[in-house]
Amino acid sequence: MSTQAEPAGAPPPAEAERTGRHRAPLSAGARQERRLGWLLCAPAVIVMLAVTAYPIGYAVYLSLQRYDLRFPAQAEFVGLSNYGAVLTSEFWWDAFWVTLFITVVSVAIELVLGMGLALVMHRTIFWRGTVRTSVLVPYGIVTVVAAFSWQYAWTPDLGYLAELLPSGDAPLTEMWSALWLIILAEVWKTTPFMALLLLAGLALVPEETLKAAMVDGATPWQRFTKVMVPLMKPAILVALLFRTLDAFRIFDNIYVLTGGAQNTGSVSILGYDNLFTALNLGIGSAISVLIFICVGIIAFTFVKLFGAAAPGAEVK
Amino acid sequence: MRRLRAFAVLPLLASMLAACGGDEGGGRPTLNWYNFPDDSGALQKAADRCSQASGGRYRIAYNKLPRAADGQRQQLVRRLAAEDDSLDILGLDVTWAAEFAEARWIREWTGVARQRAVEGTLRVPLETSTWKRRLYAVPYNTNTQLLWYRQDLVPTPPKTWAEMLAMSATLAQQDKPHYVEIQGAQYEGLTVWFNTLINSAGGSILNRTATAPSLGPPAVRAAGIMRELAHSPAADPSLSNQMEDQNRLAMESGTAAFELNYPFVYPSMKANNPELFKSFRWAPYPRVDANRPSRPTIGGIDLAVSAYSRHPGLAFEAALCLRNRENQLTAAIEGGLPPTLRALYDEPELIKQYPFAKEVLAALESASVRPLTPAYQNISIAISHTLSPPSGIQPVSAVNTIRDQIDDALRSEGVIP
């Protein structure tokens, strides 16, 4: 979210600087134009505020209340005590570590597989379109639909994948096997997205540089690690950032595959359950805000520490 | 947001138009009845009969809620929280009345309607629809568990848990089917098991006023029995994943000697394993203490009138019609739902279908209810989460954990997993 906010916020000062340098006092026409510019983007700004800023603000407000639909008479301001309740709850930390585990493992696997797929797509000479399209098929399938297919496939007596296991094995009813199956479903589904972003990065690697490396006697592995990866770094970081943010908010796959049973719930599942099953808007909103903060930290870490550039800002 | 709202309004408009169309048709309002999905046709039949009997004053539309109880509750709650006025009569699980009443989503039953609702109705089901001494729903159907056993293996049914586990151990030594089939998965069924045991041991989960946990030694006792079963030969290897239906299947496949389950297992056994059916018998739910009757937990559905209904008067009347003698009898015979009217248990037609009617009635009269509190969902999850898997229960610490989580839940500070 914060990555999207940046490019939106960045242009105006840059614009002002540039115009300021060229001609100090703005002409009436330019001022008119600027006003028109603002008017033209105003609807978008208003919509953005309405659909993002307002709900976020409202969630923060709710998270500071005892606001439980079941005890409407006892609604009151409780300060940070909802956060205290969540952060001292073992359920939050269980869900947090599960989410972190799924995020790290699935994104790592996706990076490796995605890179492989990107190289294949980049290098294919024949049927390039067919290869690219077929790689993208999983990404085109609705997650919930795919998750249901996985669920049936792994259910004993129903699924073809469960058939391959020793009889009586119900992998979705046991924590670790279920977690790996969730990761599998997640990897299957989003590796194409990773591959696509990496493919864009591969296109940035100039052919001449690779040829020069080849002439210098670099092995294919050296060409990959010493030439391609460094040149692709911005694309890799952006791909990692996007996928990490997405993976941390994982909901649909888990909701369908296990419903969060056997300690396989992510933080989003925890938030959902507290909002929609417990009807506790205060606690549920506190969880949502904490997820938002986690996502913010992830984005900040990537942008500041690893220098990932938001798309469109690469020119800097 | 605006645009989204416009989209959200479309189906609403459509349903309003449809409702208007219906109104114009016969000049009578449509009452929307939301209830669990029934495949037997008994509920639709009741809706049709009552529409007919109203003499053109209303028409009842039976709308099916999702199959799973959680899904039913979520749909109702979401719509009521948004003050949806297209819901009139709501089929609530017996554990929801307190929550819906406290949230002011359902109307209190008063005056004549209340009188007609209470008349001839079993006491314990009425308890489930009462919150803070006011009546908020009318019991539609009820349900409770019996002990089902195989007479070829067990000549006389056990009276207590200790006896049952001992019999199972003996059968195991003889290499005969010996499992006790019970709901051990991490879900509502596990809470029901615990509630039955704690009440049978003379205790309860909450205090009388539902303001604090009660628990105490009976709770430790209950948790101890669950643990004991899980560590005895009586435990089905898949105990920790079993729900009612897996229990039924295990019994029908011949691996078990005992089963604690609802009466739906009876017609099912008859259809699926006629051979075993010959020795399939029932008995009262086993006791915890030999000198104290068992108190099995009741289930079932209560009918409530939505606070946002546009026709509350008609809705009360229609709800009473839907659960009248005739419709309850149909629901019992065609849908297998035990009635809440006392007199029906003497009805020959019902006894023919339910040879165990007497035992069910006896169980209902001494039955226990699950904690009546708006925070029931949290409490149930705290219990089923803490006591799962049954083999891992440490009775004293488990009960302490449950107490802490109930305390939190009652203060809206509980996080549910």
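Two residues are in contact if their C-beta atoms, placed from the backbone, lie within 7 Å. Among contacts in chain A between residues at least 6 apart in sequence, 70% join residues at least 24 apart.

The structure is a predicted model, in which local features need pLDDT of at least 70 and side-chain atom pairs count only at pLDDT 80 or more, while totals for chains, interfaces and linings use all residues. Residues are numbered from 1 along each chain as its sequence is written, and chains are lettered from A and ligands numbered from 1 in the order in which they are written.

Chain A has 14 helices and 2 strands; helices (H or I, at least four residues) and strands (E, at least two) are DSSP runs, numbered from the N terminus. Of its 316 residues, 30% count as buried, a residue being buried if 20 or more other C-beta atoms lie within 10 Å of its own, exposed if 12 or fewer, and partly exposed in between.

An automatic or database domain assignment divides chain A into domain 1 (2-63) and domain 2 (89-305). Their C-alpha centres lie 33 Å apart. Between them, 7 residues of domain 1 of chain A are in contact with 9 residues of domain 2 of chain A. On the domain 1 side, helix H1 (2-9) and helix H3 (28-63) of chain A each give two or more residues, and H3(A) gives the most, with 5 residues. That side has 4 nonpolar, 3 polar and no charged residues. Here Ala, Val, Leu, Ile, Met, Phe, Trp, Tyr, Cys and Pro count as nonpolar, Asp, Glu, Lys and Arg as charged, and the others, Gly among them, as polar.

Residues 281-303 of chain A are 100% helix and 0% strand, with end C-alpha atoms 32 Å apart. For residues 133-155 of chain A, the values are 83% helix, 0% strand and 30 Å.
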